[in-house]
Amino acid sequence: MKKVMVIHGPNLNLLGVREPGVYGLATLDKINALLLDTAKELKLTVDFFQSNSEGEIIDCIHRALGQVQAIIINPGAYTHYSIAIRDALAAVAIPTVEVHISNVQAREEFRRHSVIAPVAVGTIAGFGIQSYVLALRAVDALLNKGD
Ligand code: DQA
């Protein structure tokens, strides 16, 4: 079975409590449960990782090398400035989908730029927790291209 690593970046452990007007009321556990259901339907295996630290996220990306066929990442605020996370994704060259709960293009100016986007296959943003489900479906389409 093809395996997907789902990486949740900083402050996403506080979903459910954190700015519910922007991010909704669903917790990270709820999102992961939704992804597990979708993965079952798509016959994919998913692994989850959350960290508030840039280095730990980079280590997780390195560990994924040779272990997973795709990465889904919500880099949180690192999206906007972590060249180190971008370089890690470029280094492992595992097809990656960038995800955001909120529509980052419709928010503050500083959220409109992603340093991750150029090394991702694509970005899904603005659909609340469904952004993650759509990302997993995008990964499935990507991995089964040509089937
Ligand atoms: C976010 C958007 C980022 O700008 C923000 O820093 C986050 C969450 C999102 O999922 O909408 O932490 O990645």
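**Entry 1: the ligand shell**

I sorted the residues of the shell around the ligand by type and found four nonpolar, five polar and two charged; in this scheme Ala, Val, Leu, Ile, Met, Phe, Trp, Tyr, Cys and Pro count as nonpolar, Asp, Glu, Lys and Arg as charged, and the others, Gly among them, as polar. I note that this is a predicted model, in which local features need pLDDT of at least 70 and side-chain atom pairs count only at pLDDT 80 or more, while totals for chains, interfaces and linings use all residues. Residues are numbered from 1 along each chain as its sequence is written, and side-chain values use heavy atoms, with hydrogens and water left out.

I then listed the surrounding residues by name, which are R18, Y23, N74, G76, A77, H80, H100, I101, S102, V104 and R111; a residue is taken as near the ligand if one of its heavy atoms lies within 4 Å of it.

**Entry 2: polar contacts and cover of the ligand**

I looked for polar contacts, meaning pairs of N or O atoms within 3.5 Å; within protein, one atom must be able to donate a hydrogen and the other to accept it, and residues adjacent in sequence count only if both atoms are side-chain atoms. The side chain of S102 places an N or O atom 2.6 Å from an oxygen atom of the ligand, the side chain of H100 has a polar atom 2.8 Å from a ligand oxygen, and a polar backbone atom of A77 is 3.1 Å from an oxygen atom of the ligand. On its own the ligand has 320 Å² of accessible area, of which the protein covers 99% (Shrake-Rupley method with a 1.4 Å probe; for residues, only the protein chains shown count as cover).

I found the ligand in the largest pocket. A pocket here is an open set of points on a 1 Å grid over the protein atoms alone, where a 1.4 Å probe fits, with protein on both sides within 12 Å along at least five of seven lines; a molecule sits in it if more than half of its atoms lie within 2 Å of its grid points.

I placed N74, one of the shell residues, in strand β3 (residues 70-74); helices (H or I, at least four residues) and strands (E, at least two) are DSSP runs, numbered from the N terminus. N74 counts as buried because its relative accessible area is 4%, where buried means under 20%, exposed over 50% and partly exposed in between (1.4 Å probe, protein chains only). I followed N74 to G9, 65 residues away in sequence, and the C-alpha atoms are 5.8 Å apart.

G9 belongs to the loop between β1 and α1 and is buried at a relative accessible area of 0%. From G9 to S53 I read a C-alpha distance of 7.8 Å across 44 residues of sequence.

The backbone nitrogen of S53 in turn lies 2.9 Å from a polar side-chain atom of S51, and the S51 side chain makes a polar contact of 2.7 Å with the side chain of E56. S51 lies in the loop between β2 (44-50) and α3 (54-63), and I recorded S51 as buried, with a relative accessible area of 2%.

**Entry 3: positive phi and an exposed loop residue**

I checked phi in residues other than glycine. E19, in the loop between β1 (2-8) and α1 (20-23), has a positive phi of about 30° and is partly exposed at 42% relative accessibility. K43, in the loop between α2 (28-42) and β2, has phi near 60° and is exposed at 62%.

Last, I looked up A106, in the loop between β4 (96-100) and β5 (122-125): A106 is exposed, with a relative accessible area of 57%, and its C-alpha atom is separated by 8.9 Å from that of G126, 20 residues away along the chain.

Notes:
1 Å grid on protein atoms, 1.4 Å probe; cavity = no way out; pocket = protein on both sides within 12 Å on 5 of 7 lines; lining within 4 Å.
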